[in-house]
Amino acid sequence: MGKDRIIIFDTTLRDGEQSPGCSMHLEEKLCMAEILDRMGVDVIEAGFPIASQGDFESVQEVAKRVKNAAVAGLCRAKTADIEASAEALKPAKRRRIHTFISTSPLHMQFKLQMSPEAVLEAIAESVATARKFTDDVEWSAEDATRTEDDFLCRCVETAIKAGATTINLPDTVGYSIPEEYAAMFTLVLNHVPNIDRAVLSVHCHNDLGLAAANSLAGITAGARQMECTVNGIGERAGNAAMEELVMAMRTRPDKLPFETGIDTAMITIASRTLSSITGFSVQPNKAIVGANAFAHESGIHQDGMLKNQKTYEIMTPESVGLHKSELVLGKHSGRHAFKKKIEDLGYQLGDNAFQEIFKRFKDLADRKKTVFDEDIIALLGDDGTLYERIKFDSLRVQAGSEGPQTATLFLLVDGKKVETEATGNGPIDAIFMAISNIFPHPDANLLLYQVHAVTGGTDAQASVTVKLEENGITVMGQSADVDTMVASARAYIYALNKLLKKREK
Ligand SMILES: [Zn+2]
């Protein structure tokens, strides 16, 4: 029996990016888009072009870069929005315009202040306008799950008549349950006369932890496109996680006879790259991509696993690109072995980036006996190769129970070496004070200071994330080092450099 093909529509760069603390810079969006394209996503929603100049540019750059996937831009039911999307998507090989309007009584009355008839007119007009620019037009009924049945059917029929080729029925507020969400698709399939001319799509939010379950119920009822994000990032509790949807279909073809174009072996790298870009690591017990997702620690489980892996393992770590390290690196590992390791981990680096990372690796191997995969991933996430007005030179810290804790810091500011000393409530406070002495930034707030041990062992690297905010602009710095104080100083300096760059713009 042939399996039905499900279109994977990824909105990590749009719905995901809209969530608090997840805003991405252009280079970061391009890096993510490249991975999504490589892993076989069918449609990449790259942003909301009318929202800002930055959004417009990033959609345009993603459109230039993506080789296989269609690139989508979001727009309200407004001509200016649609024209901005069309313009930004011009360089794309395949472009999709995605326009939406609310259809629930609550949203129409309070948010739009429009009558149902006016909403129907807006649907016909916006979809027809979008069709002037591309044959691939998606229309979404915002808050579909709280829309009256008859009106929803009329809206869908109107959109298809005007030329929409994909109809998305989102659970915008994450309120639905699987049975009910499926029933909405059955309703539309049975009552909209021209429904055979469009593909139906699911888009679920995870406010009740049901995003994946609802999405799967929707395709079982006949939808053939799934909207999702990597790691399930997105507004509030997030969107349906791509890795959960794809692996559910792959692991249970008996109940979910569907296939996708996704290379599941790229799931781990997509997840790690996104975490490193946003600074949000996934919880250890997160399905598919959490650190413990494939860890079988309890004695009974381990015993069973040794006898037959299938006793407790429903999918293999390899199927999501998680490889057991065979090649552990150390001081004597050369360029060749290091290159192979980077490739095995799924990363692709240009020559300059490779040289820089190799240098950092050699430096680390001098101080740490065994360099694990996690150490290399942490180095790859380090912002050290970015634009630098302020460069870390060296640091001496006095810490311990006999205060005061003092930091003596040497920095290179615009190429000139400067020294300062500061005391603080603890060594980290002292380091951050020292940086402020040299480079005052009174309007910036420290939003986040986070430390993770990259591996086990007392010589583990500390991976530090620092988030700064100034006048609504948020930046993040990340660094890893066997010395937590050094990693903290570097991460803070990287964040500050990014803030300076933002200021220049
Ligand atoms: Zn959404």
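Visitor: Why is His205 called buried?
Guide: His205 has a relative accessible area of 5%. Buried means under 20% relative accessible area, exposed over 50% and partly exposed in between, using a 1.4 Å probe and protein chains only, so His205 counts as buried.

Visitor: What should I know about the source of these values?
Guide: This is a predicted model, in which local features need pLDDT of at least 70, side-chain atom pairs count only at pLDDT 80 or more, and totals for chains, interfaces and linings use all residues. Residues are numbered from 1 along each chain as its sequence is written, and side-chain values use heavy atoms, with hydrogens and water left out.

Visitor: What makes Asp15, His203 and His205 donors of the zinc ion?
Guide: Donors are N, O and S atoms within 2.8 Å of the metal (3.2 Å for Na, K and Ca); water is not among the atoms, so sites may look incomplete. Asp15 (OD), His203 (NE2) and His205 (NE2) lie 2.0 to 2.2 Å from the zinc ion, so they qualify as its protein donors. Along the chain, their spacing reads D-x187-H-x1-H. Asp15 sits in helix α1 (residues 12-16) and His205 in the loop between β8 (199-204) and α9 (211-220), 190 residues apart. Helices (H or I, at least four residues) and strands (E, at least two) are DSSP runs, numbered from the N terminus.

Visitor: Why is Asp15 called buried too?
Guide: Its relative accessible area is 3%, so Asp15 is buried.

Visitor: How do you know that Ile262 is buried, and what is it in contact with?
Guide: Ile262 is at 9% relative accessibility and therefore counts as buried. Contact means heavy atoms within 4.5 Å. Leaving aside neighbours within four places in sequence, Ile262 is in contact with Ile8, Met39, Gly40, Val41, Met242 and Val246. Ile262 and Gly40 are 222 residues apart in sequence, but their C-alpha atoms are 4.6 Å apart in space.

Visitor: How do you know that there are zero salt bridges between domain 1 and domain 4?
Guide: A salt bridge needs a side-chain nitrogen of Lys or Arg within 4 Å of a carboxyl oxygen of Asp or Glu, and the count between these two domains is zero. The bounds, domain 1 (4-278) and domain 4 (386-504) among them, come from an automatic or database domain assignment.

Visitor: Which residues of domain 1 lose the most area to domain 4?
Guide: They are His25, Ser276 and Thr278, together 62% of what that side buries. Buried area is the accessible area (1.4 Å probe) that two parts lose on being put together, summed over both; for these domains it is about 480 Å².
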